[in-house]
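Have the viewer open as you read.

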Amino acid sequence: MDRTAITVQPAQEFFLALADDELMVGHILTAVAGWGPELEANLALSSIGQDELGHAEFFYSRLEPTEAGRNRLVYDRPAEAFRSSRLAERYSLSWDILVVKGFLYEQIEAGRLSRLLAANDPEVQAAARRMRVEEQFHEDFWRIWLERTTSLSTEGHRRIQSALDELWVDAFEAVCLPFQAEAAAALGLAACAPDELLADWLGKVIPLCKQFGLTVPAVEAELVHQRAKQDQPGADLLRILGEMREVYQLAPGANW
Amino acid sequence: MPIGTLNQETIWAALDEVEDPEMPVSITRLGIVRSVEVEDGRVLVHASPTFMGCPALPTIRSRIIERLLALDGVAEVEVEWVLTPGWSPKQISASGRADLRGLGVSMPTPSKGEASVCPYCGSSNTVVESLFGPTLCRSISYCRSCRSGFEQLKDVASSE
């Protein structure tokens, strides 16, 4: 089945995209806790992952008010109906990829939450305010690791640069995807053109990259547009869903 | 307790006996319980999560329900998580702060960059070791004076 064949209302599409991204990021971080270079880093992976899963639950609650309904979204939805971005789905045990992904994703999330502060739903506004405070800890963690890894050795710097080159275009997709014009209108938000979203995000990320001696990859606009949507569920998404649903599928609907 | 004495005071006293599953301190002293509504045997508890992803929330909810249903006259209990106003360490009562200090957990510093106070010896000669501790709401610090590790609640209020 084509991944874009399953359609929902624009506002729901928006919350699904945000929730699915948080679910993917949260699952991966809790799954890789233990692969970090030191005990404290592993505590952080687990903590950040838990927090992202909590944020995912809030966004899912905008579509499904009951726990059973939210469980169906997570455990019973076809892979084709997931709206997560490639960046969020990126599943790697390499520390350099994890650090750069965390850094790029948190900057994207900060932009999303800033925009949600103007949503026409007071509950969404309150949650966005709260999440911004919590996300600051995540953002600081990844930025500190980016700084440590790039400054301590040339090999560390080389690996981070390589990871940045690899993830850069996927980050572009994640910046633009959720804020489709119809979704923004349904939430009472000003229309956010992809170029404007990208400009805001680049305005924050490029100075930080330069500060750490990283070169931002040049990207052809055409390439970004070509990769705007995934046609089929990617291997990482299928792997994540497989892990997440392994126990559930032993006895769907059971109370453990 | 006979039916008819069910009121705010009774409910708050019962909630004071409910401990946070991640540290043995009352949820009312931690400032998690924000308000209570009582009407015809139905109790609605408004509570604020310390962090939205706190894995203890379902346990806190079930502990509240279990404790309040044990009161005579309570037929139904609902727990609603509220984000406005958001929880912050400022909501912790004086007795809650004393309980935390006894467990080796210090409060956030009044301003960013200021050293936290060691809950064991009171020294400010301390350093943050990790922003992330054993739970979402705590970080890990080290006291250079008494050479003890300790935990500190994260400051989640200042920028909200």
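## Where the chains meet

The contact draws 21 residues from chain A and 22 residues from chain B. Keep in mind as you look around that this is a predicted model. About 1,900 Å² is buried between chain A and chain B, and carbon and sulfur atoms give 68% of that area.

What about charges and polar groups across the contact? Between chain A and chain B the count is 0 salt bridges, while 4 residue pairs are in polar contact, with both residues at pLDDT 80 or more.

## The chain A side of the contact

Which helices of chain A each supply at least two residues of the side that touches chain B? They are α2 (39-61) and α6 (122-152). Of the elements on this side, α6(A) gives the most, with 11 residues.

By class, the residues of chain A's side that touches chain B comprise 10 nonpolar, 5 polar and 6 charged.

## The largest cavity

A search of the whole structure turns up 3 cavities of 30 Å³ or more. The largest cavity holds about 90 Å³ of space.

To find it in your viewer, select its lining: Val25(A), Ile28(A), Leu29(A), Ile48(A), Leu98(A), Lys101(A), Gly102(A), Tyr105(A), Glu106(A) and Trp142(A). In chain A, α1 (10-32) and α5 (95-116) each supply at least two residues of this lining, and α5(A) has the largest share, 5 residues. The lining of the largest cavity divides into 7 nonpolar residues, 1 polar and 2 charged.

## The second largest cavity

For the second largest cavity, turn to chain B, where its lining includes Trp81(B) and Cys137(B). The volume of this cavity is about 60 Å³.

Sorted by class, the lining of the second largest cavity has 8 nonpolar, 2 polar and 2 charged residues.

How values were computed: Residues numbered from 1 in each chain as written. Chains lettered and ligands numbered in written order. Predicted model: local features only at pLDDT ≥ 70, side-chain atom pairs only at ≥ 80, totals over all residues. Heavy atoms only, no water. Contact = heavy atoms within 4.5 Å. Buried area = accessible area lost by both parts, 1.4 Å probe. Salt bridge = Lys/Arg side-chain N within 4 Å of Asp/Glu carboxyl O. Polar contact = N/O pair within 3.5 Å; in protein donor to acceptor, adjacent residues only side chain to side chain. Helix = DSSP H or I, 4+ residues; strand = E, 2+ residues; numbered from the N terminus. Nonpolar A, V, L, I, M, F, W, Y, C, P; charged D, E, K, R; others polar. 1 Å grid on protein atoms, 1.4 Å probe; cavity = no way out; pocket = protein on both sides within 12 Å on 5 of 7 lines; lining within 4 Å. Points joined across faces, edges and corners; volume = space filled by probe spheres on them.
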